[in-house]
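I opened the notebook to record what I looked up and in what order. The entries start with a term and then go through the model piece by piece.

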Number of protein chains: 2
Amino acid sequence: MKQEAKIPQATTKRLPLYYRFLQNFAAEGQERVSSQQLSEAMKIDSATIRRDFSYFGALGKKGYGYDVQYLIEFFRETLSQNEVTNVALIGVGNLGNALLKYNFSKTQNTRILVAFDSKAPLEGTYVSDIPVFPPELLEEKIAEYGVELAILTVSSRSAQAITDRLVQIPIKGIMNFTPERLDVPKSTHVMNIDLSLELQALIYLARNNQADS
Amino acid sequence: MKQEAKIPQATTKRLPLYYRFLQNFAAEGQERVSSQQLSEAMKIDSATIRRDFSYFGALGKKGYGYDVQYLIEFFRETLSQNEVTNVALIGVGNLGNALLKYNFSKTQNTRILVAFDSKAPLEGTYVSDIPVFPPELLEEKIAEYGVELAILTVSSRSAQAITDRLVQIPIKGIMNFTPERLDVPKSTHVMNIDLSLELQALIYLARNNQADS
């Protein structure tokens with residue numbers, strides 16, 4: 001896919017959501033959808049939806065709305081839904097364990113193929129049917145399994161050291177569940193998911209909202 | 001805390017991060033910090049930091065930087081760090097279980113006090129030392145434990161029905177780990193954490209980045 005304008009991160013994060021909701025509309029037999037209908041289903045205001053879509057050129061016609069199948073095809077290609085992305089998980093603690101069981105089973109195009117943990121034996125072991133190796137074998141196994149992305153659920157202490165090795169391989173993207181802010185080159189994308197921060201932000205919103213009303 | 005301007009959600013999500021990094025600077029004995037230093041530590045550009053801070057009025061002096069202790073006090077109050085917020089978790093499956101074990105132990109001001117699961121007996125049971133009750137007791141136990149926020153890790157199928165009960169209580173905020181977009185009144189805040197969407201967005205970023213280079 002080619003594009004000139006830089007897509008904001010907030011828009012990027014909504015793309016898979018559009019794809020999911022368009023599939024729902026298609027499943028209900030709907031052929032066209034307006035930004036207003038998408039807005040109501042997705043709880044995002046319709047101006048935001050129109051602006052997001054505008055980054056990708058003319059996706060709809062005025063007064064007609066959007067063609068559901070056309071948009072599904074467009075997002076399927078944009079989001080590489082036809083290709084499988086292999087993922088490695090590093091750090092099989094509580095959260096890592098839960099993510100291995102979860103294994104993004106609702107998505108067809110991603111799978112955790114291999115995991116790493118400092119307690120795993122050299123010959124490997126299995127957790128939720130996924131092979132787990134010690135960090136010594138990181139580079140070797142990531143090449144062997146054709147891994148493109150890593151989920152980082154290690155301790156804060158080890159986060160940067162493991163990251164330094166991942167960017168050398170190089171891995172293309174890291175989903176970072178540690179509270180550390182990782183140093184990476186521009187060619188590696190990091191998605192920070194810090195559950196404590198999210199909860200703190202929610203507390204702020206909930207308490208400030210109450211003060212207003 | 002009083003403020004007039006509406007704070008953008010992206011800024012809100014960074015507030016706890018500022019607080020955390022300011023504590024790091026204080027722990028290293030630093031008395032002042034520039035937006036440039038914060039920028040390097042947090043991997044956020046300094047213009048964003050100055051704009052975020054500007055929502056809260058004059059927090060620093062030109063050419064002097066920010067007073068670390070003053071900012072810590074400011075964010076501590078803004079983020080209600082002196083009060084404990086009681087949290088309930090609903091749905092003790094794989095992810096719910098991991099979150100009970102995790103229990104935001106790095107934060108001093110939040111704790112999961114009670115959980116709910118459809119398989120729990122009426123008299124309750126314990127998971128990771130946290131009492132778990134069946135959903136029949138939701139309203140009763142949330143009142144008993146003084147719960148303000150709920151973490152939703154139920155199935156998609158039950159998400160809206162449980163939400164409808166939570167907003168009636170009323171609960172102030174919901175951290176939603178289900179893929180559903182919840183219908184809530186304006187007085188209830190929802191923080192959506194959809195791990196599949198985050199992973200899809202990361203794939204998009206990683207693949208598009210590669211195409212550019």
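**Entry 1: the term I needed first.** A salt bridge is a side-chain nitrogen of Lys or Arg within 4 Å of a carboxyl oxygen of Asp or Glu. With that rule I searched the whole structure and got 20 salt bridges over all chains. Across the interface of chain B and chain A the rule finds 10 salt bridges.

**Entry 2: ground rules.** I noted that this is a predicted model, in which local features need pLDDT of at least 70 and side-chain atom pairs count only at pLDDT 80 or more, while totals for chains, interfaces and linings use all residues. Residues are numbered from 1 along each chain as its sequence is written, chains are lettered from A and ligands numbered from 1 in the order in which they are written, and side-chain values use heavy atoms, with hydrogens and water left out.

**Entry 3: the interface as a whole.** I looked up contact, which means heavy atoms within 4.5 Å. By that rule, 68 residues of chain B are in contact with 67 residues of chain A. I then looked up buried area, the accessible area (1.4 Å probe) that two parts lose on being put together, summed over both. Between chain B and chain A it is about 6200 Å², and carbon and sulfur atoms give 63% of this.

I also looked up polar contacts: a pair of N or O atoms within 3.5 Å, where within protein one must be able to donate a hydrogen and the other to accept it, and residues adjacent in sequence count only if both atoms are side-chain atoms. I found 22 residue pairs in polar contact between chain B and chain A, both residues being at pLDDT 80 or more. Which element gives the most to the side of chain B that touches chain A? Helix 8 of chain B does, with 16 residues. Helices (H or I, at least four residues) and strands (E, at least two) are DSSP runs, numbered from the N terminus.

Entry 4: I needed one more term here: buried means under 20% relative accessible area, exposed over 50%, and partly exposed in between (1.4 Å probe, protein chains only).

B:Glu198 forms a salt bridge with A:Lys13, with the closest N and O atoms 2.9 Å apart. B:Glu198 lies in helix 8 of chain B and A:Lys13 in helix 1 (residues 9–27) of chain A, so this pair joins two chains.

A:Glu83 is partly exposed at 40%, whereas B:Arg207 counts as buried at 15%. I found B:Arg207 again in a network of salt bridges that links A:Glu83, A:Glu148, A:Lys172 and B:Arg207.

A:Arg207 has a salt bridge with B:Glu83 (2.2 Å, N to O) and another with B:Glu148, where the closest N and O atoms are 3.1 Å apart. A:Arg207 is buried at 15%, and B:Glu148 is buried at 17%.

**Entry 5: a serine in a loop.** A:Ser80 lies in the loop between helix 4 (68–78) and strand 4 (85–90) of chain A. A:Ser80 is buried, with a relative accessible area of 9%. Not counting residues up to four places away in sequence, A:Ser80 touches A:Asn109 and B:Arg207.

**Entry 6: the sheet of chain B.** Two strands pair if DSSP finds at least two bridges between them. Chain B has an open sheet of seven strands in the order 6-7-5-4-8-9-10, with mixed pairing. Strand 6 (125–127) and strand 10 (189–192) of chain B stand at the edges with a single partner strand each, so one side of each has no neighbour in the sheet. Strand 9 (residues 173–176) and strand 10 of chain B pair in the parallel sense over four bridges. B:Asn176 stands opposite B:Asn192 in strand 10 of chain B.

**Entry 7: strand 10 of chain A.** Strand 9 (residues 173–176) and strand 10 of chain A pair in the parallel sense over four bridges. The bridge partner of A:Met175 is A:Met191.
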